[in-house]
Amino acid sequence: AHGNVKVAQAAVSSAQNLLQTPSCAELCPLILPSLVAAIACEPPKMPAAAAESAWGAISAMLGVQSQAGGQEARQATTQLVLRLVRTLAEFQRQQPGSALAASCQTGAMARCLVQVAQIDQAGLKAEVAAMPAESQLTIQQLLREHMSAAGRPAPTAAAASASNIAAPKIELKLKF
């Protein structure tokens with residue numbers, strides 16, 4: 001990852017554009033590991049804005065896989081997202097003073113899970129059900145925290161509108 005915010009953001013944006021293009025679906029196994037490594041790096045090597053975009057790129061890739069009918073790839077990506085979210089959420093709770101915890105990617109992680117739920121609801125439910133109870137609780141707590149934060153009054157009308165739109169989507173995810 002690059003230290004310059006604009007360069008890192010441009011790289012993640014390019015990766016997202018590739019991952020959203022069905023003709024580039026074969027590049028997913030080459031691009032995804034770099035995004036995951038950049039998201040999960042301690043200390044973070046990617047600016048927070050780029051990390052937020054990287055989570056969006058991962059869910060965008062899942063959308064392309066779903067459209068292409070790649071059941072195996074979709075299942076693997078859903079599983080990867082859940083494991084990555086669970087691992088990072090648990091790390092952030094265990095190491096609250098770490099640089100990764102300070103980067104506070106929880107909002108981006110929760111939004112990614114909501115998008116995964118919209119794309120692969122059955123797969124997400126099955127994967128969560130297969131998790132140990134403690135891991136299920138971690139995922140549910142992350143979503144509850146995000147939902148309650150999204151429900152707070154926002155300082156601007158646009159942000160308030162976005163919060164009101166996001167809340168029902170998160171509610172859908174919590175119904176396991």
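An axis here is a line fitted to C-alpha atoms, for helices over the stretch in contact, and an angle between axes runs from 0 to 180 degrees between N-to-C directions. The legends below use axes and angles in this sense, and they describe a predicted model.

View 1. The protein chain contains nine helices and zero strands, so that, read along the sequence, the pattern is α-α-α-α-α-α-α-α-α. Of the 176 residues in the protein chain, 40% are buried. When contacts between residues at least 6 apart in sequence are considered, 72% of them join residues at least 24 apart. The mean pLDDT of the protein chain is 76, and 77% of the residues score at least 70.

**View 2. Helices H7 and H9, at the two ends of the confidence range.** Among the elements of the protein chain, helix H7 (residues 121-130) has the highest mean pLDDT, at 91, whereas helix H9 (residues 157-174) has the lowest, at 41. Over residues 154-176 the pLDDT stays under 50, and for this stretch the model has 27 contacts beyond four places in sequence. Where pLDDT is low, the predicted coordinates should not be read in detail.

**View 3. Helix H2 against helix H3.** Two packed helices are described by the angle between their axes and the distance between the axes. For helix H2 (residues 28-40) and helix H3 (residues 48-68), the angle is about 150 degrees and the axes are 10 Å apart. Because an angle over 145 degrees counts as roughly antiparallel, H2 and H3 are roughly antiparallel to each other. The crossing in which H2 passes H3 is left-handed. On the H2 side the contact involves Cys28, Leu32, Leu35, Val36 and Ile39, which meet Ala54, Trp55, Ala57, Ile58 and Met61 in H3. By class, the residues of this contact of H2 with H3 are ten nonpolar, no polar and no charged.

**View 4. Helix H2 against helix H4.** H2 also packs with helix H4 (residues 71-94), at an angle of about 15 degrees and with the axes 11 Å apart. Since angles under 35 degrees count as roughly parallel, H2 and H4 are roughly parallel to each other. Here H2 passes H4 in a right-handed crossing. The contact is formed by Leu32, Val36, Ile39 and Ala40 of H2 together with Leu80, Leu84 and Leu88 of H4. The residues in this contact of H2 with H4 comprise seven nonpolar, no polar and no charged.

**View 5. Ala40 in helix H2.** Ala40 lies in helix H2, and with a relative accessible area of 33% Ala40 is partly exposed. The C-alpha atoms of Ala40 and Thr87 are separated by 9.0 Å, although the two residues are 47 residues apart along the chain.

**View 6. Helix H4 against helix H6.** The axes of H4 and helix H6 (residues 106-119) cross at roughly 155 degrees and come within 11 Å. H4 and H6 are therefore roughly antiparallel to each other, and their crossing is left-handed. From H4 the contact takes in Thr78, Val81, Leu82, Val85, Leu88, Ala89 and Gln92, and from H6 it takes in Thr106, Met109, Cys112, Leu113 and Val116. Sorted by class, the residues of the contact of H4 with H6 are nine nonpolar, three polar and no charged.

**View 7. Gly63 in helix H3.** Gly63 is part of helix H3, and because its relative accessible area is 18%, Gly63 is buried. Gly63 and Ile119 stand 56 residues apart in sequence, while from C-alpha to C-alpha they are 6.3 Å apart in space.

**View 8. Ala10 in helix H1.** Ala10 has its place in helix H1 (residues 5-19), and Ala10 counts as partly exposed because its relative accessibility is 43%. From C-alpha to C-alpha, Ala10 is 8.3 Å from Ala50 in space, and in sequence these two residues are 40 residues apart.

Technical notes: Residues are numbered from 1 along each chain as its sequence is written. This is a predicted model: local features need pLDDT of at least 70, side-chain atom pairs count only at pLDDT 80 or more; totals for chains, interfaces and linings use all residues. Side-chain values use heavy atoms; hydrogens and water are left out. Helices (H or I, at least four residues) and strands (E, at least two) are DSSP runs, numbered from the N terminus. Angles under 35 degrees count as roughly parallel, over 145 as roughly antiparallel, 65 to 115 as roughly perpendicular and the rest as oblique. A crossing is left-handed if the near helix is turned anticlockwise from the far one by less than a right angle, and right-handed if clockwise. Contact means heavy atoms within 4.5 Å. Ala, Val, Leu, Ile, Met, Phe, Trp, Tyr, Cys and Pro count as nonpolar, Asp, Glu, Lys and Arg as charged, and the others, Gly among them, as polar. pLDDT is the predictor's confidence in each residue, from 0 to 100. Buried means under 20% relative accessible area, exposed over 50%, partly exposed in between (1.4 Å probe, protein chains only).
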